[in-house]
Amino acid sequence: MIRKFKKKKTVNLKQFARDISDQLKNKTDNPFLESKIILSHFLEIDIKDLYLFDNIEIDMDKINSIYEAIELRLKNKPLEYIIGYKPFRLLKLKVNEDVLIPRNETEEIIDIIKKFFPRAKTFLDIGTGSGAIALSLVREIENSFCVATDISERALMVAKENAKENNLENKVSFELADLFPLEKKMFDVIVSNPPYIDISNTKLSLISKEIYFEPKIALFAENKGLYFYEKILSKAKDFLLFDGGLVFEVGFNQAKEVVEIGEANNFSCFSLKDLYGVERFVVCRAKMIK
Ligand SMILES: C[S@@+](CC[C@H](N)C(=O)[O-])C[C@H]1O[C@@H](n2cnc3c(N)ncnc32)[C@H](O)[C@@H]1O
């Protein structure tokens, strides 16, 4: 019997991490962290254990995968699409180019819902993408249920996989729909992080080069980026239980306008800052009729 030996190379991991970091230093704010994430992912070593061994033998095919990952990163492909996942609160979410990469600030929306709607158990997540918000809500709030819509069939496929991977399939119903579910149901909270970049914005590269890899349908909206807030707020009352409310993520300069759209639709609204100090969230409740 002929035994095949895989080609291997002896590598000093600390040095390898420094070399990768050097290559990435003009591409990212966190080159060293990214280099460790790449090594940890492709070598299947927990990030905290990376430096337990100085010199290790690595299969050449793994080394080649690492070099390919660096090439892609140098071409601005987001790290999360390269490694195929993004940690989000308690979940590890699969991501690919069919879904927006959930942002760190979006994690805060779950705390906001818990704080301002502490008894809420039924949720509608509009534009669920990878399922980040819907899945975190049902994972973290006991006896809760979420309907999650998206207009992208491919995004819903990713969200459903994430539900399965995280054992949450029975707690979320994913629906292909234009904003609201087809069947009329009532919810405690409607939450949405809709597309909000002004479609006429021509200076996208100022936001980031990575954004070109993300699905356009997840990013852009008409009417200075406000289209989806207007649509959702004008129809929300048909889907909200008494004492229910809405929580939105908004673009960095949109909070005031979204509050105004809410007030014009008979909601009382206020905005909140995210961890970076940007007015990022808007909370609305139906105004009480006297
Ligand atoms: C900004 S992404 C948010 C994804 C995810 N909720 C998150 O926070 O990471 C917006 C999502 O809205 C979806 N979307 C765009 N237009 C829509 C529509 N008319 N109805 C439902 N979903 C829509 C996009 O496909 C995308 O998944």
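Start with the whole chain and its contacts: two residues touch here if their C-beta atoms, placed from the backbone, lie within 7 Å. Among contacts between residues at least 6 apart in sequence, 64% join residues at least 24 apart. This is a predicted model, where local features need pLDDT of at least 70 and side-chain atom pairs count only at pLDDT 80 or more, while totals for chains, interfaces and linings use all residues. Residues are numbered from 1 along each chain as its sequence is written.

Switch to cartoon and you'll find 9 helices and 13 strands. These are DSSP runs numbered from the N terminus: helices are H or I with at least four residues, strands are E with at least two. The C-alpha trace spans about 80 × 45 × 30 Å along its principal axes.

Next, select residues 18-84. An unreviewed UniProt entry labels them "domain: Release factor glutamine methyltransferase N-terminal"; such annotations may be inferred rather than shown by experiment. The stretch is 60% helix and 7% strand, with its end C-alpha atoms 23 Å apart.

Now go to the ligand and show the 22 residues around it; Gly 127, Gly 129, Ile 151, Asn 193 and Ala 218 come nearest. (To be near, a residue needs its C-beta atom, placed from the backbone, within 6 Å.) Colour α6 (132-140) and β6 (145-150), since each supplies at least two residues of this shell. The shell divides into 12 nonpolar, 8 polar and 2 charged residues, with Gly counted among the polar ones.

Then pick helix α9, residues 255-264. Which of its residues are buried? They are Ala 255, Val 258, Val 259, Ile 261 and Gly 262. Look down the axis of α9: the buried residues fall within an arc of 160 degrees (taken from the directions from the helix axis to the C-beta atoms), so they line one face of the helix. Buried means 20 or more other C-beta atoms within 10 Å of a residue's own, exposed means 12 or fewer, with C-beta atoms placed from the backbone. The buried side packs against α8 (227-235), β11 (240-249), β12 and β13.

Just past α9, click Asn 266, which takes a positive phi of about 70 degrees. Last stop: β12 (267-273) and β13 (279-286), paired antiparallel over 7 bridges; DSSP must find at least two for strands to pair. Phe 267 has Ala 286 of β13 as its bridge partner. Between the strands of this hairpin sit 5 residues, and Gly 277 takes a positive phi near 85 degrees.
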